[in-house]
Amino acid sequence: MAGPATETHPYDVLVVGAGGAGLRAAIEARAAGASVGLVCKSLLGKAHTVMAEGGVAAALGNVAEADSWQVHFRDTMVGGKLLNEPRMAQLHAQEAPARVNELERWGAVFDRTRDGRILQRPFGGHSHPRLAHVGDRTGLEMIRTLQDQAVALGIDVYMECTITHLTTGLGKTTGAFGYWRTTGRPIVFPSKAVVLATGGIGKAYEITSNSWEYSGDGQALAYRAGAELIDMEFVQFHPTGMVWPPGVRGLLVTEAVRGEGGILRNSLGERFMWKYLPEDRRAEYAENDEEAASWVTALSEGRQTDARRPPELSTRDNVSRAIYTEVREGRGSPHGGVYLDISYLAADHVRRKLPSMYEQFKELADVDITKGPMEVGPTTHYVMGGIRVDAETGATTLPGLYAAGEVAGGMHGANRLGGNSLSDLLVFGARTGAGAASYAALLGEQPHVDPVQVQDAKRELDAPLERTAGEDPYAIQRDLQSTMQRLVGIFREDADLGDALAELAVLRSRAESICVAGGRAYNPGWNLIFELRNLLVISEAVTRSARLRTESRGAHSRLDFPASDDERWGTVNCVVAQGADGTMDVMTAPLPPMPDELRALLGEH
Ligand SMILES: Cc1cc2nc3c(=O)[nH]c(=O)nc-3n(C[C@H](O)[C@H](O)[C@H](O)COP(=O)(O)OP(=O)(O)OC[C@H]3O[C@@H](n4cnc5c(N)ncnc54)[C@H](O)[C@@H]3O)c2cc1C
């Protein structure tokens, strides 16, 4: 069956993904004079970034004058268990304030302090109130602002277009291949540089705060084209997702609820986080309920205080493990979570600070959060690992290929602090756009896209439509999510990880004979096939990396190796690359050395 004819659109820089990272990269590349195409799987404005609630972390020092890039750097490194690429963490902390102020100049309207500056709220693991925010709808404001800029710059946007392959030649990127989801028509983008900004991998798990778009496309595209992935064992399980009703299980309950004073309790009414604070950071938290309460009162009155923060503002990895343990030990709520309560604060204050949460619980669970507690439990939220990139330019290990945002690894180490993703998108989106544009300018001529690669990619699109019998892609996706949830979740051990690899191998072979009914236009089953292929690759990368790292660190908790092993694992990343025979290689590589002046900022850590 001959498919429809292929469209071709050449660019200096092709950006795949129109979330915060992709938009910011596209703006920078265009400003540098490159011709830029911007591709996204859904409609412009519907990227994951729009869902971000709590805020964007930047050491503006508007609420706590003592804040500085140095403290932000330290918090990020300590939160990441020192596995972060130090130069990335440094650039991020230094440049985030300028990027947030730039966003404001471009029209973003943040919440305000009483004297009219950008208001900042506290979040887990941050030493000071640091998150610039717009109620609990920060991502919406950010994407709206970036979109306005991109459209004003005349960037070509391809919506509802999925990239399925990167093309390469002479060891470099030559462009990308994909298809229109509306018609199924193939499309080729010969490009001097390609920026991947496709986000995360949450759809590898059953319970996730992520939307259908998070199928690890960029990570898998880069891996197949020959680039390296790092830190894939570090998957963040956000402590608070909805657990009820079943249809919305996993939907995020923003950390801003805890940032505004939300208290976690088990079914016995115990404020259990007091038990789980890590000893080495205990001094940073309140001594008791009274001190925590006076911190919350000062916050809601907009004053500075010497009181230390409540235990609920521990890092996400720690709070997730605590909730999981409470539930496993029989102290959970009726639907398998714990209680998160903000109803002790004035109702109008809660509605003003957390309007989306108020509506979300009212609409979906018939719970008024100003009157009673929410039921919450861990949900797969973010992947710290991703494509290995150069801190300065976002260049991957494959010439011409760049990556920024959640798809890239290194910045967050073993655990990301809340709010540090939106700032990551802005800082490294801009740097990567500049890096890709300058590579494209140096390259000069448009690279040649190998027609054989295009033919092969088209055949892969056609094959599932030509089969008359075979596997159902939805059944394989369900089984894959079940494998990852059961065997590669919050707590891991060698036997489970071995079982997961065996199950993934079976799923890979089932995926070779997928068959779907219908045509190419708006065919969700057919679309899923290409996402499933990526999910299988990244699930294997997560599982193999998790098996290799025989210690517990940050978001990676091994029941059979419960302690951190600094000597063996404290300064190495797990690196995933395609082996010569097409199998997946996983190895360790040393972290880049940390300059003395940065090490000095870490204090005793
Ligand atoms: C509910 C929720 C709340 C959050 N709140 C916060 C917060 O308050 N603060 C914070 O710092 N972080 C937060 N995060 C995390 C943060 O929002 C994300 O990490 C971040 O938005 C990722 O941005 P991105 O630009 O990398 O990807 P995205 O914004 O997800 O954009 C990805 C883009 O890639 C496109 N794409 C993907 N695959 C393909 C393909 N094959 N072909 C073409 N296009 C493709 C998609 O269509 C989309 O346009 C939150 C996350 C969630 C889910």
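**Exercise 1. The ligand and its shell**

How far is a nitrogen atom of the ligand from an N or O atom in the side chain of Arg416? Determine this distance, and then describe the surroundings of the ligand.

*Solution.* The model is predicted, so that local features need pLDDT of at least 70 and side-chain atom pairs count only at pLDDT 80 or more, while totals for chains, interfaces and linings use all residues. Residues are numbered from 1 along each chain as its sequence is written, and side-chain values use heavy atoms, with hydrogens and water left out.

Step 1. The distance between a nitrogen atom of the ligand and an N or O atom in the side chain of Arg416 is 3.5 Å. In the side chain of Ser421, an N or O atom lies 2.8 Å from an oxygen atom of the ligand, and a backbone N or O atom of Gly20 is 3.2 Å from an oxygen atom of the ligand.

Step 2. Of the 1000 Å² of accessible area that the ligand has on its own, the protein covers 98% (areas come from the Shrake-Rupley method with a 1.4 Å probe).

Step 3. The elements that contribute two or more residues to the shell are α1 (20-31), β8 (161-169), β15 (374-383) and α12 (420-443), where helices (H or I, at least four residues) and strands (E, at least two) are DSSP runs numbered from the N terminus. The largest share, 4 residues, is that of α12.

Step 4. In total, 40 residues surround the ligand, and the closest are His48, Thr49, Gly54, Glu213 and Glu406; a residue is counted if one of its heavy atoms lies within 4 Å of the ligand. The shell residues divide into 16 nonpolar, 18 polar and 6 charged, with Ala, Val, Leu, Ile, Met, Phe, Trp, Tyr, Cys and Pro taken as nonpolar, Asp, Glu, Lys and Arg as charged, and the others, Gly among them, as polar.

**Exercise 2. Aromatic pairs**

Classify the pairs Tyr205 with Phe237 and Tyr324 with Phe491, and locate their members in the chain.

*Solution.* Step 1. A pair of aromatic rings is described by the distance of the centres and the angle of the planes. Rings of Phe, Tyr and Trp (its six-membered ring) pair if their centres lie within 6.5 Å, and planes under 30 degrees apart count as stacked, over 60 as edge-to-face and the rest as tilted. By this rule the count comes to 11 aromatic pairs.

Step 1. With 5.6 Å centre to centre and 85° between the planes, Tyr205 and Phe237 are edge-to-face. Tyr205 sits in the loop between β10 (186-196) and α5 (217-225), and Phe237 in strand β12 (residues 235-242), 32 residues apart; both are buried.

Step 2. Tyr324 and Phe491 form a tilted pair, at 5.1 Å centre to centre and 50° between the planes. Because Tyr324 lies in helix α9 (residues 316-328) and Phe491 in strand β18 (residues 491-492), the pair ties together parts that are 167 residues apart in sequence. Tyr324 is partly exposed, with a relative accessible area of 34%, whereas Phe491 is buried, at 17%.

Terms used. A polar contact is a pair of N or O atoms within 3.5 Å; within protein, one must be able to donate a hydrogen and the other to accept it, and residues adjacent in sequence count only if both atoms are side-chain atoms. Buried means under 20% relative accessible area, exposed over 50%, partly exposed in between (1.4 Å probe, protein chains only).
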